[in-house]
Amino acid sequence: MPFHVRLRFGPPSSPAVTGTWDSDATAERKFRGFIGRYGSRADVRIELVEDGPQGEHTVRSWTLERGEVEGP
């Protein structure tokens, strides 16, 4: 199953920079890297999303306000 990491500068409806990997370990590493690089910005939302048989599922997300959150 593919994993996506999305980086948004703005609200959830804003355009996103997205990377896709088949390896959950690689996607996790990219997610952590984006937090390290962009996580101190108040307008940033970073999401790790799994693309499964039932559609997309947010595994975890990051915002400066909430920190890391499991699920959507």
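# Legends to the close-up views

F9 has a relative accessible area of 36% and is therefore partly exposed. The classes are buried (under 20% relative accessible area), exposed (over 50%) and partly exposed (in between), computed with a 1.4 Å probe on protein chains only. The model is predicted: local features need pLDDT of at least 70, side-chain atom pairs count only at pLDDT 80 or more, and totals for chains, interfaces and linings use all residues. Residues are numbered from 1 along each chain as its sequence is written, and side-chain values use heavy atoms, with hydrogens and water left out.

**View 1. F9, F34 and Y38 form one aromatic cluster.** Rings of Phe, Tyr and Trp (its six-membered ring) pair if their centres lie within 6.5 Å; planes under 30 degrees apart count as stacked, over 60 as edge-to-face and the rest as tilted. Two aromatic pairs are counted by this rule. In the pair of F9 and Y38, the ring centres are 5.7 Å apart and the planes stand at 85°, so the pair is edge-to-face. F9 belongs to strand β1 and Y38 to helix α1, so this pair ties together parts that are 29 residues apart in sequence. The pair of F34 and Y38 has its ring centres 6.0 Å apart and its planes at 75°, so this pair is edge-to-face. F34 and Y38 are four residues apart in helix α1, and are therefore separated by about one helical turn. Y38 counts as partly exposed at 24% relative accessibility, whereas F34, at 16%, counts as buried.

**View 2. Five strands make up an open sheet in the order β2-β1-β3-β4-β5.** Helices (H or I, at least four residues) and strands (E, at least two) are DSSP runs, numbered from the N terminus. Two strands pair if DSSP finds at least two bridges between them. The pairing in this sheet is antiparallel. β2 (16-21) and β5 (67-70) stand at the edges with a single partner strand each, so one side of each has no neighbour in the sheet. From one strand to the next, the twist averages 20°. The angles here run from 0 to 180 degrees between N-to-C directions, and the axes are lines fitted to C-alpha atoms, for helices over the stretch in contact. β4 (residues 55-63) pairs with β5 in the antiparallel sense over four bridges. S61 has V69 of β5 opposite.

**View 3. Helix α1 (residues 24-38) lies across β1 (3-9), β2, β3 (44-52), β4 and β5.** The helix runs at about 15° to β1. Contact means heavy atoms within 4.5 Å.

**View 4. A network of salt bridges links E28, R32, R60, E68 and E70.** A salt bridge is a side-chain nitrogen of Lys or Arg within 4 Å of a carboxyl oxygen of Asp or Glu. The count comes to nine salt bridges by this rule. In the salt bridge between E28 and R60, the closest N and O atoms are 2.5 Å apart. E28 is in helix α1 and R60 in strand β4, so this pair ties together parts that are 32 residues apart in sequence. R60 has a relative accessible area of 13% and is buried. R60 also forms a salt bridge with E68, the closest N and O atoms being 3.1 Å apart. E68 counts as partly exposed, at 33% relative accessibility.

**View 5. R45 and E47 form a salt bridge.** Their closest N and O atoms are 3.2 Å apart. R45 and E47 are both buried.

View 6. Starting at the N terminus, its elements run β-β-α-β-β-β. The radius of gyration is 11 Å, close to the 11 Å that the globule rule gives for 72 residues, so the chain is as compact as a globular protein of that length. The radius is taken over C-alpha atoms, and the globule rule is 2.2 Å times the number of residues to the power 0.38. The C-alpha trace spans about 35 × 25 × 20 Å along its principal axes. Of the 72 residues in the chain, 39% are buried. Among contacts between residues at least 6 apart in sequence, 40% join residues at least 24 apart.
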